[in-house]
Amino acid sequence: MPNLPNVVLWSIPAFVLLTVVEAVSYRLRPDEEAAGYEPKDAATSIGMGLGSLFFDALWKVPVVALYGGLYALTPLRVPLLWWTVPLLLLGQDLCYYWQHRGHHVVRVLWASHVVHHSSRRFNLSTALRQPWTGLTSWPFYLPLIALGMHPAVLAFCSSVSLVYQFWIHTERIDRLPRPVEYVFNTPSHHRVHHASQGGYLDRNYGGILIVWDRLFGSFAAETERPVYGLTKNIETYNPLRVATHEYAAIARDLRAAAGWRERAGRLFGGPGWQPAPAAHSPAPAPPSPPHAPPAPSATEAPA
């Protein structure tokens with residue numbers, strides 16, 4: 001097994017320090033247009049992050065078993081060398097793109113990811129607002145294991161991606177030089193991703209690279225100031241409700257569903273999926289007024 005560092009664990013002191021520095025910067029130099037910090041919101045985000053560490057440790061047990069079984073079955077092996085590490089990171093980033101996109105367009109997956117979008121603020125503490133049901137992500141990385149990536153190497157690459165995405169949750173950094181903005185995910189691109197306006201919805205899914213969005217048609221540039229949060233915001237700072245509110249909404253919809261087709265749509269359709277309205281038979285033609293003369297035939301119609 002490769003002996004790789006726990007990148008997230010080593011980065012926690014930096015997460016804390018940079019979050020404190022950003023919060024203090026808003027105190028010393030307020031920005032009326034920026035969302036900034038709100039103590040209850042930041043506390044909720046930090047609480048969600050701490051909770052995710054605990055729950056992720058639980059989910060890892062079955063996931064590691066599945067990955068380990070598949071890795072034992074595949075005859076392929078990707079060696080961990082200086083020149084394969086960038087390729088492995090690239091492969092993980094591509095799978096992350098599709099995992100992220102899938103969690104926006106399939107409601108039962110969105111129920112997990114919605115946690116990260118539930119804040120109406122956009123700052124470094126928002127990066128810590130992570131779901132407690134990360135078990136929904138593992139199928140998207142099975143191709144990498146099947147191609148010979150060791151599960152520990154996948155965990156390392158995923159940690160690098162997570163650490164990279166921390167710093168892009170800020171309004172304090174404007175646009176970066178054009179080549180950087182074209183290739184990499186940046187604060188400008190990620191502000192779009194967290195916005196709730198119609199033109200910004202479901203855009204910019206990339207983790208480290210934004211080129212996937214450009215390639216697969218999901219890119220949107222930042223043009224107007226983003227409005228953060230959900231299209232229907234939740235009015236709570238309770239971490240348990242933040243973690244479970246969409247699952248509760250799905251359960252209510254399933255109970256009220258008219259049949260199995262609607263239940264499938266409520267689970268696997270998009271977050272805004274609604275059943276098609278029932279088809280109605282055409283209304284009968286209104287009766288002719290009493291004593292009305294018959295309509296002339298085509299040959300009798302006046303010239």
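The chain exposes about 17400 Å² of surface, and carbon and sulfur atoms supply 68% of this area; accessible areas here come from the Shrake-Rupley method with a 1.4 Å probe, and for residues only the protein chains shown count as cover. Keep in mind that this is a predicted model, in which local features need pLDDT of at least 70, side-chain atom pairs count only at pLDDT 80 or more, and totals for chains, interfaces and linings use all residues. Residues are numbered from 1 along each chain as its sequence is written, and side-chain values use heavy atoms, with hydrogens and water left out.

Let us turn to the overall fold. The chain has 11 helices and zero strands, where helices (H or I, at least four residues) and strands (E, at least two) are DSSP runs numbered from the N terminus. The radius of gyration is 25 Å, well over the 19 Å that the globule rule gives for 303 residues, so the chain is more spread out than a compact globule. That radius is taken over C-alpha atoms, and the globule rule is 2.2 Å times the number of residues to the power 0.38. Along the principal axes, the C-alpha atoms fill a box of roughly 95 × 60 × 40 Å. Buried residues make up 40% of the 303 residues; buried means under 20% relative accessible area, exposed over 50%, and partly exposed in between (1.4 Å probe, protein chains only).

Now follow helix H2, residues 39-73. At its start, a side-chain oxygen of Glu38 reaches to within 2.9 Å of the backbone nitrogen of Lys40. The 35 residues of H2 should span 51 Å at 1.5 Å a residue, and its end C-alpha atoms are 50 Å apart, which agrees; the expected span is 1.5 Å times one less than the number of residues. A kink of about 35° lies at Lys60, shortly before the proline Pro62, the bend being the angle between axes fitted to the seven residues ending there and the seven starting there. The buried residues of H2 include Asp41, Met48, Val63 and Tyr71. Its buried residues pack against helix H5 (142-146), helix H6 (151-164) and helix H10 (239-256).

Finally, visit the loop between helix H8 (187-193) and helix H9 (211-216), where Asp202 is found. Asn204 has its place in the loop between H8 and H9 too. Most residues other than glycine have a negative phi. Asp202, although not a glycine, has a positive phi of about 55°, and Asn204, not a glycine either, has a positive phi of about 55°. Which of the two is buried, and which is partly exposed? Asp202 is partly exposed, with a relative accessible area of 36%, whereas Asn204 is buried, at 0%.

Notes: Contact = heavy atoms within 4.5 Å. Polar contact = N/O pair within 3.5 Å; in protein donor to acceptor, adjacent residues only side chain to side chain.
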